[in-house]
Amino acid sequence: MGLYIETRVHADLETLWERTQEPDRHQRWDLRFTEIAYLPRAEGEPQHFRYATRVLPFLVVAGTGVSAGERHRAGGDRVSALRFSSGHPLSLLAEGSGYWRYVPTDDGVRFLTGYDYRPRWGHLGRVADRALFRPLMGWATAWSFDRLRLWCERGVTPERSRDRWLLEAAARLLLVPVPSALALLPLGAPALAAVPLTVLGLAAAVLVPPSSRTPAARRCLRTPPARTREPRLLATLGQP
């Protein structure tokens, strides 16, 4: 799969399953979606769903998908798989597929995802995807996984962890201009000190580790193990 994200969640499997499989809970922690809603289905059929992402205050990009899950597997792990697509002309993502795997460990759950998609807009879309959109999607997935981990492990709600992250991001941004501004004050250091102080502020903004109660994409594994492969369940799903 094109993107791979993994985290370790020190919580029980049932809690993690519910907070990832129930749409009203899933949309609270996953930065990639603003709304997720299941569509009516007949008994025994895969679950179809609709998703939407608010890109701008006045722009919502929507799509549809189909998913299925396996809760009772021989090894004790669980898996869910999905296929998705968007017909919205402004959606760079045309169609894709992926999976979530839940592997119980001695102290919690190894939770991982692998997914890939086909961008639209031809060559321009492929260039934009490689340069910007795919790295952004990888970061958003990892950040969301850590947000979910904080919710399951520490009881930090997704809304509270988002607010903490915004405050911390604002504080990091202030670390860059404030030292150089102080250097230019009459009682401050000489004006030439503004440059090294700015570099020092930038280094601090990047290198200071995030709070233990603030989501951070850097805490997630982004490189798949050598033997990682798609679950067979994914092959059973039709088109969304």
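This is a predicted model: local features need pLDDT of at least 70, side-chain atom pairs count only at pLDDT 80 or more; totals for chains, interfaces and linings use all residues.
A polar atom of the Thr 20 side chain lies 3.1 Å from the backbone oxygen of Trp 17. Thr 20 sits in helix α1, which spans residues 13-21.

Is Thr 20 buried or exposed? Its relative accessible area is 3%. Buried means under 20%, so Thr 20 is buried. Residues up to four places away in sequence set aside, Thr 20 touches His 26, Trp 29, Trp 100, Tyr 102, Phe 111 and Leu 148.

## The largest pocket

Rolling a probe the size of a water molecule over the atoms shows where empty space is left. The largest pocket has a volume of about 1,100 Å³. It is lined by 39 residues. Closest to its centre are Arg 32, Phe 33, Tyr 51, Thr 53 and Met 137.

By class, 25 residues of the lining are nonpolar. Twelve are polar and two are charged.

## Trp 121 between β7 and α3

Trp 121 is found in a loop. The loop runs between β7 (108-119) and α3 (122-154). Most residues other than glycine have a negative phi. Phi of Trp 121 is near 75 degrees, a positive value.

How accessible is Trp 121? Its relative accessibility is 42%.

Technical notes
Residues are numbered from 1 along each chain as its sequence is written. Side-chain values use heavy atoms; hydrogens and water are left out. On a 1 Å grid over the protein atoms alone, a cavity is a set of points where a 1.4 Å probe fits but cannot get out, and a pocket is an open set with protein on both sides within 12 Å along at least five of seven lines; lining residues have an atom within 4 Å of a point. Grid points are joined across faces, edges and corners, and a volume is the space filled by probe spheres set on the points. Ala, Val, Leu, Ile, Met, Phe, Trp, Tyr, Cys and Pro count as nonpolar, Asp, Glu, Lys and Arg as charged, and the others, Gly among them, as polar. Helices (H or I, at least four residues) and strands (E, at least two) are DSSP runs, numbered from the N terminus. Buried means under 20% relative accessible area, exposed over 50%, partly exposed in between (1.4 Å probe, protein chains only). A polar contact is a pair of N or O atoms within 3.5 Å; within protein, one must be able to donate a hydrogen and the other to accept it, and residues adjacent in sequence count only if both atoms are side-chain atoms. Contact means heavy atoms within 4.5 Å.
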